[in-house]
Amino acid sequence: MAVASRRVLPGFSLSLGITLAYLSLLVLLPLSAAFIKAAGLSGQQIVDTVWSDRARAAYWLTFGASFIAALANAAIGFLLAWVLVRYPFPGRKFLDSLIDLPFALPTAVAGLVYSSLYAKNGWLGQFLEPIGIQGAFSRLGIVLVLIFTGLPFVVRTLQPVLENLDAEFEEAAGSLGASRWQTFRYVLLPCLTPPLLTGFALAFARALGEYGSVIFIAGNMPYRTEIAPVLIVGRLEEFAYAEATALAVVLLLFSFVLLGVINLLQRWSQSYGN
Amino acid sequence: MSVVVENVVKRFGSFTALDGVSVTVPTGSLCALLGPSGSGKTTLLRILAGLEHPDSGSVSTHGNDLTKTNARDRDMGFVFQHYALFRHMTVFDNVGFPLKIRGWSKAKINDRVQELLHLVRLDGLERRLPANLSGGQRQRVALARALAAEPKVLLLDEPFGALDAKVRQELRTWLRRFHKEIAVTTILVTHDQEEAFEVADEVVVMRQGRIEQSGSPQQIFDHPASAFVMDFLGHVNVFHGRLDHGSPRLHGATHGSTAAAERPVSVAGEGTTPLYVRPHELDIERHSSDGSLAARILHINPAGPLVRVQLIDERTAKPIMVELSRERFAELVLLPEETVFVQPRQVRYFTADYSI
Amino acid sequence: METRFAPPPKKERAMAASGATLESPKPVDPAAPNAPAAVGKLRRGQQDPTWVRTTLILLAVAFMGILVVLPVVNVFVQAFANGPEAYWRYLTQDPETRHAVMLTLFIAPAAVAMNTVFGVAAAWAIARFEFRGRTLLITLIDLPFSVSPVVAGLAFVLWFGMQGFLGPQLREWDIKILFSWPAILLATSFVTFPFVARELIPLLEEIGPDEELAAVTLGAKPWQIFWYVTLPNIKWGLLYGIILCNARAMGEFGAVYVVSGRIAGQTDTMPLRIDKLFQEYNSPASFAVASVLTLLALVTLAVKTYLERKVIESAETKKEAV
């Protein structure tokens, strides 16, 4: 895409100035506080905080639950994207619009309603209770609500790629003797892998930071159902800023790594694009 | 393996893509389906490959009815217009794909792929991805891939459409030789009459879902079956004329209407009819003679093997195009704005146009 | 200055399929490989067996039903558990709930306004100019998406809190930021920061600078270029970004939770009020507030679906005009 010479179009300095000022004041400066604060801590302090049993349990739960939820999102999202792009059926458009509901619905509402649905006497919890599964106030509940909040990511990254796949690839595979399954396995799946991984990574990143929905359904028991953000908030409420910051920096660093991975994945997707 | 298409009809909604088409392509020949876009040639090719289902009619090769057979069981190699190479696979994997899914051993796949790449002159490019190949190379990878499983019939959809002029010319020559080498019945689709004539030994001209004419390039060029074919094969001058005791007489140029036409009549009868004359079948004279038309020279283009002269009929004010040999042009010493006389050497007319 | 385009004609696609193109100068062979493939109009080679289709559609509908539809229905059922009168009472009679509604109605538009100004500026700078660090800037704009809202909130606490870098100084000047609306606004803006910019950057890039360059050669002043040329082209995309930004701003929980101090009747926004009522075991009231936000989400989705069509249409008009 052509980019105009900066001499011809007006407003370069103004628009870039606003952008950089706003970005710095609202995002970069505040975030830098976390690193400045963390830099002021001794190594021992950091290790004690970040590597305490309780913190390790919280990280383990956060990563584990987020990972499982993102995996589920990848599977369900793939199914939804495939059905929405490939199969016409009544209500398809309606279903398509509903996919974005988890983006639009406040996370607190999601947490509230999921905790009620999967409670012992809830609409869905009543079926899980007899078979010995505890839906709400358990690790399963955390995974369930994270699946909800991450649902649109895989669908929305996969959908455009699936729509733009040239019919000729499948026709070529067919005329070369491939069965429908072979065509899917060898021709379609490799093309869909980069966007699938991108969607997975986005859902994973979102789940790692999720707070609002989880606190309703998790029960927030230390060592058992306490996710890392809850732990951070807990420390903050005790005015233990240093410890909260150390924990936050770990989460932040992981976010940065994931952001880098997502960027790489998106570049990889685009290299297949044309 | 001869290919027989019988009475195939295909509709897309209210649009009839093929309207009762029957073709027979003899074993080992190279046949071109020629026609303008919308004529149904690509649809016919896709029906042959099993990529579309005909609404009625049948497709068979060597007496085996294939109409109900799946694309993948047809033993036909199909080369797509834009090649449809699998982007994530190397050249090797693309060509080996049909063998891999047929469960060939690694060693056998390797041998066959090397053999094919040698055949299409792409030795040493096995590890490349399609994105890193030139258009001509991609075309040949697609060809090798289509041939890998030893198809009985090779189908090519606009094989040179996506290439630039120079590469196209090279590949045409190459394809002719290549076809001799592999001796597989080949059917290609093209909208370029020059390409069809240069490559194919059988040409099928299509129009609006029907076959207009089929035969060898020479037959078609020398004896076009209709005004449409005549017009499609190159520029043609249309004159208003009449039959006078069986011999055509020009009354003046009319503008290129190529109404539906069937076949040339034997020279007999009388009446008015459009008369068709190719630019190289017209001569220019300094003096009026029997049957000639007075015309004013508009423009002369001497750049080329033939000199093209654009004239305007003095009586009807319609354009006429004449192609003269360089010798004849030198002899005449023509200048723009001169009035000269145009005399046809050969005239064609078609019965459907003919009315008493 | 006339810069609008004629409204898009009914999509050309329908014509290509019906064969009405025969009269047009460039007839389209319906079987041509570049014929547009609408959903469901798959080629033979792309079709799956009926049993596969039916199974997958049923599975998809079941997943959506359990994961999305059931929760939405549940919100309203629980909200109206004690009847419509009680529902109305929960929403209107509780001064703390009323205050939360008012606070949200103030914070969200303010955050959206700030982010819109930023988004337009950022999109203009990024999509119209080449400069060093452009790619880095794009990545940085995405940053708030991958930062946990709790961490975002913490960052503001570290600046403005009593033990924060600026806390003591602010206290001396008697300026209250943390546990007050300015911090809530900052935190909300942080979390919804990328929405408008993310929507506008690709849109502006796709439109290209030609029209604006033409306006320059015709003597338009900067604000005229923006007002008459750029804005009409991006208005639907802009609105789309604003709608999404607003939905997130109204629903933001984690960051606001940390910076607001959750003082009932003072710094509780609607999502925080839901939590508070839930903690007080006042489930129907909690669901009543939740139902309002759910309704807002549904409206957002409807508007979004409508706008998406508008964005696509105006992009197509644009292509046809060129």
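# Exercises on salt bridges and an interface

B:Arg46 counts as buried, at 3% relative accessibility. This value, like those below, comes from a predicted model.

**Exercise 1.** Determine which residue forms a salt bridge with B:Arg46, and decide whether that partner is buried or exposed.

*Solution.* Step 1: the closest N and O atoms of B:Arg46 and B:Glu52 are 3.1 Å apart. Step 2: the relative accessible area of B:Glu52 is 9%. Because buried means under 20%, B:Glu52 is buried.

**Exercise 2.** State which residues are joined into one network by salt bridges that share partners.

*Solution.* The network consists of A:Asp96, A:Asp100 and A:Arg156, together with C:Lys304 and C:Glu308.

**Exercise 3.** Locate the salt bridge between A:Arg86 and A:Glu170 in chain A, and state whether its residues are buried or exposed.

*Solution.* Step 1: the side chains meet with an N to O distance of 2.9 Å. Step 2: A:Arg86 belongs to helix α3 (residues 53-86) and A:Glu170 to helix α9 (residues 167-175); the pair links distant parts of the chain, 84 residues apart. Step 3: both A:Arg86 and A:Glu170 are buried. For the structure as a whole, the number of salt bridges over all chains is 37.

**Exercise 4.** Explain what the salt bridge between B:Asp19 and B:Arg210 ties together, and classify the exposure of B:Asp19 and of B:Arg210.

*Solution.* Step 1: the N to O distance between the two side chains is 3.3 Å. Step 2: B:Asp19 lies in strand β2 (residues 15-25) of chain B and B:Arg210 in strand β10 (residues 210-215) of chain B, so the bridge ties together parts 191 residues apart in sequence. Step 3: B:Asp19 has a relative accessible area of 29% and is therefore partly exposed. B:Arg210, at 46%, is likewise partly exposed.

**Exercise 5.** Describe the interface of chain C and chain A by its contacts, its buried area and its polar pairs.

*Solution.* Step 1: 100 residues of chain C are in contact with 94 residues of chain A. Step 2: about 8,800 Å² is buried between the chains, 77% of it on carbon and sulfur atoms. Step 3: three salt bridges are counted between them; C:Asp48 and A:Arg180 form a salt bridge with closest N and O atoms 2.5 Å apart. Step 4: 15 residue pairs are in polar contact across the interface. Step 5: on the side of chain C that touches chain A, helix α2 (residues 50-79) of chain C supplies the largest share, 21 residues. Step 6: by class, this side has 67 nonpolar, 21 polar and twelve charged residues.

Key. Residues numbered from 1 in each chain as written. Chains lettered and ligands numbered in written order. Predicted model: local features only at pLDDT ≥ 70, side-chain atom pairs only at ≥ 80, totals over all residues. Heavy atoms only, no water. Salt bridge = Lys/Arg side-chain N within 4 Å of Asp/Glu carboxyl O. Helix = DSSP H or I, 4+ residues; strand = E, 2+ residues; numbered from the N terminus. Buried < 20%, exposed > 50% of the residue type's maximum accessible area, 1.4 Å probe, protein only. Contact = heavy atoms within 4.5 Å. Buried area = accessible area lost by both parts, 1.4 Å probe. Polar contact = N/O pair within 3.5 Å; in protein donor to acceptor, adjacent residues only side chain to side chain. Nonpolar A, V, L, I, M, F, W, Y, C, P; charged D, E, K, R; others polar.
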